[in-house]
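Subject: A structure for you to look at

Hi,

Here is the structure I promised to send over. Have a look at it first, and then read my notes below.

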Amino acid sequence: VAMDRLHASGFPGLKPDAFTYTAVIDAYAKSGFRGAASRADLLLDQMEAKYAAGDQDLKPNTFTYNAVINALAKSGEPGA
């Protein structure tokens, strides 16, 4: 997420949280773009890793998991 880079560059007010990540994942789910489901799943993986590393603001919630499930269901990709 671009906000991660901005936050790391010295913009403390732009630190993405679970709401931000979930909004991006939901946008992927609704986009219909090829590869959107894979990107949504990748963002979830990043959230879970950062949460496990101690970032309490990135704890995935029910909305996050539902957004990823929607992205996978709508993708039509084999194996999704």
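This is a predicted model: local features need pLDDT of at least 70, side-chain atom pairs count only at pLDDT 80 or more; totals for chains, interfaces and linings use all residues.

To get your bearings, where does Asn 66 lie? Asn 66 lies in helix α4.

Residues are numbered from 1 along each chain as its sequence is written, and side-chain values use heavy atoms, with hydrogens and water left out.

**The overall picture**

The protein has 4 helices and 0 strands, and from the N terminus on the elements run α-α-α-α. Helices here are DSSP runs of H or I with at least four residues, strands are runs of E with at least two, and both are numbered from the N terminus. The C-alpha trace spans about 40 × 20 × 15 Å along its principal axes. A compact globule of 80 residues would have a radius of gyration near 12 Å, and the 13 Å of this protein agrees with that. (That radius is taken over C-alpha atoms, and the globule rule is 2.2 Å times the number of residues to the power 0.38.)

Of the 80 residues, 24% are buried. Buried means under 20% relative accessible area, exposed means over 50%, and partly exposed is in between, with a 1.4 Å probe and protein chains only. Contact means heavy atoms within 4.5 Å. Among contacts between residues at least 6 apart in sequence, 54% join residues at least 24 apart.

**How the helices pack**

For the angles, axes are lines fitted to C-alpha atoms, for helices over the stretch in contact, and angles run from 0 to 180 degrees between N-to-C directions. Angles under 35 degrees count as roughly parallel, over 145 as roughly antiparallel, 65 to 115 as roughly perpendicular, and the rest as oblique. A crossing is left-handed if the near helix is turned anticlockwise from the far one by less than a right angle, and right-handed if clockwise.

Start with helix α2 (residues 18-31) and helix α3 (residues 36-52): they pack at an angle of about 165 degrees, with their axes 8 Å apart. That makes α2 roughly antiparallel to α3, and the crossing is left-handed. Residues in this contact include Tyr 21, Val 24, Ile 25 and Tyr 28 of α2, and Leu 43, Leu 44 and Met 47 of α3. By class, the contact of α2 with α3 has 10 nonpolar, 2 polar and 2 charged residues. For these classes, Ala, Val, Leu, Ile, Met, Phe, Trp, Tyr, Cys and Pro count as nonpolar, Asp, Glu, Lys and Arg as charged, and the others, Gly among them, as polar.

Next, α2 and helix α4 (residues 62-75) pack at about 20 degrees, with their axes 8 Å apart, so they are roughly parallel to each other. Their crossing is left-handed. Among the residues making the contact are Thr 22, Ile 25 and Ala 29 of α2, and Phe 63, Thr 64 and Val 68 of α4. The tally for α2 with α4 is 6 nonpolar, 3 polar and 2 charged residues.

Finally, the axes of α3 and α4 come within 8 Å and cross at roughly 155 degrees, and these two helices are therefore roughly antiparallel. α3 passes α4 in a left-handed crossing. Leu 44 and Met 47 are among the α3 residues here, and Thr 64 and Val 68 are among those of α4. This contact has 8 nonpolar, 2 polar and 2 charged residues.

Is Thr 64 buried or exposed? Thr 64, in helix α4, is buried, with a relative accessible area of 0%. Leaving aside neighbours within four places in sequence, Thr 64 is in contact with Thr 22, Ile 25, Leu 44 and Met 47.

Back to Asn 66, as promised: Asn 66 is partly exposed, at 39% relative accessible area. Asn 66 and Ile 25 are 41 residues apart in sequence and 9.6 Å apart in space, C-alpha to C-alpha.

Asp 17 is in the loop between α1 (2-8) and α2, and is partly exposed at 31%. Beyond its neighbours within four places in sequence, Asp 17 is in contact with Asp 57 and Leu 58.

Cheers
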